[in-house]
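These are my notebook entries on a single protein chain. I set down below what I looked up, in the order in which I looked.

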Amino acid sequence: MKFCLCCRNVFSAESVLGLVDGDGSVVCNATKVSQLDVATSAELKDAIRRIHARKGIDDARIQEVRENTLGFTYSGYNLMVDRELDDIVQPAEQFMHDWMHCIFVSGVWNICFEMVLQALWSAGIRDVYDSLRDYVKLWCWPRRVNSGKLHELFTDGRRKNNHEALKFKCSASEGLSLYMILAVFFKVYGAICAAERRAYNALCDVIDLLSSVARGKIQPQQLQDAVELFLDAYSIAFGDDHMTPKFHWLLHFPKSLRDVGTLVACFVHERKHRMLKRYCNDIRNTTVFEHSVLAEEPPHCCFICIYGCLLLLSVALMMLLNIQVMPGHVPPDLGYGRDRLHDYSRPSQTAQAQQADARVFEDALSSQ
Ligand SMILES: [Zn+2]
């Protein structure tokens, strides 16, 4: 089965993750961008038009084989079939995977981290979850991180569930908060499971780059080098059997970055989606469904807007008082976090401050 929209030469094989994960029913073992045969927009549109043209003419079994081989299924109003949109719809250049789902939603990080934990367990380190629970509690987190329950991800019950699922289960934002400090933690094991931890560190470098793309500092070649290094390291440490299509997606991010100039992640969309679900999920009287949702969700949005305006007013007040508030890149010589970790952990070239990190510089205060 062809599972990648963009590639003409990538087909599925059986993965051991197929037993526990829908995504895992196929394995992808390409580790270099140069191994990919990327289709053009014209070829993609031609493929799906063949499927639409033969719908209802060929036997259903033949049509199924055709859909599996070409990597598309019939969908009546597919934009790529509409010839009036030929000048507008260019799927090879416009299609982009979401790096948040790729990494953190039953994604590459969830699988890679679980594989490292299982390797440590197999190496005789049976208290790794207890150690991680105590370790995560020690950290003082930025205000934007809802850190109160992060250590509860490392209970014994969680360990058993993760072990059976062959992936570490947590939300995307929890994974984003944890991935870097876990790389520091693994350092205490010295030479134990060195190849596995090397793969994990290489993945952390990839996540550093992906999460920094929005600031315009990351070059496509830089990202490609990091991705290929990780996939090689992962293949050496764990073999190809635990590589799902999301590992393959990584190879397409450099091209997307080159084509579009940025990489889009769905963190914001998922947060908005969650707000809607909060009201929609509990509505049982579907005869007035729209009315019920519209009575609840807009007031919620209004409250958040008013809260945001108050935050902006407080920032404006600080600026009037000549106190510098600077979200953005952290200068490396300030010693905030990165340099303190540098001696005993993997260095990050893209350490950064994010929204809701307010930094007040002493020089700015003393110059008044
Ligand atoms: Zn592909």
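Entry 1. What share of the contacts in the protein chain with a separation of 6 or more comes from residues 24 or more positions apart? I noted that such residues account for 70% of those contacts. The model I consulted is predicted.

Entry 2. I then looked up the secondary structure, which comes to 16 helices and zero strands. For burial, I recorded that 27% of the 368 residues in the chain are buried.

Entry 3. I turned to the largest nonpolar core, which holds 57 residues. The members that touch the most other members are Cys-112, Val-116, Leu-203, Val-206, Phe-230 and Leu-250. Among the helices that each supply at least two residues of this core are H4 (99-104), H6 (128-138), H8, H9 and H10 (220-238). H5 gives the most, with 10 residues. Leaving aside residues up to four places away in sequence, I found that Cys-112 touches Ala-199, Tyr-200, Leu-203 and Tyr-234. Another core, of 10 residues, lies apart from the largest one and includes Cys-4, Ala-39, Phe-72 and Met-80.

Entry 4. I examined the packing of H8 (residues 172-186) against H9 (residues 194-212): the angle is about 150 degrees, and the axes are 10 Å apart. Because angles over 145 degrees count as roughly antiparallel, H8 is roughly antiparallel to H9. Their crossing is left-handed. On the H8 side, the contact is made by Tyr-179, Met-180, Ala-183 and Phe-186; H9 contributes Arg-197, Tyr-200, Asn-201, Cys-204 and Ile-207. I classed the residues of this contact as seven nonpolar, one polar and one charged.

Conventions:
Residues are numbered from 1 along each chain as its sequence is written. This is a predicted model: local features need pLDDT of at least 70, side-chain atom pairs count only at pLDDT 80 or more; totals for chains, interfaces and linings use all residues. Axes are lines fitted to C-alpha atoms, for helices over the stretch in contact, and angles run from 0 to 180 degrees between N-to-C directions. Helices (H or I, at least four residues) and strands (E, at least two) are DSSP runs, numbered from the N terminus. Angles under 35 degrees count as roughly parallel, over 145 as roughly antiparallel, 65 to 115 as roughly perpendicular and the rest as oblique. A crossing is left-handed if the near helix is turned anticlockwise from the far one by less than a right angle, and right-handed if clockwise. Two residues are in contact if their C-beta atoms, placed from the backbone, lie within 7 Å. Ala, Val, Leu, Ile, Met, Phe, Trp, Tyr, Cys and Pro count as nonpolar, Asp, Glu, Lys and Arg as charged, and the others, Gly among them, as polar. A residue is buried if 20 or more other C-beta atoms lie within 10 Å of its own, exposed if 12 or fewer, and partly exposed in between; C-beta atoms are placed from the backbone. A nonpolar core is a set of buried Ala, Val, Leu, Ile, Met, Phe, Trp, Tyr and Cys residues joined through C-beta atoms within 7 Å.
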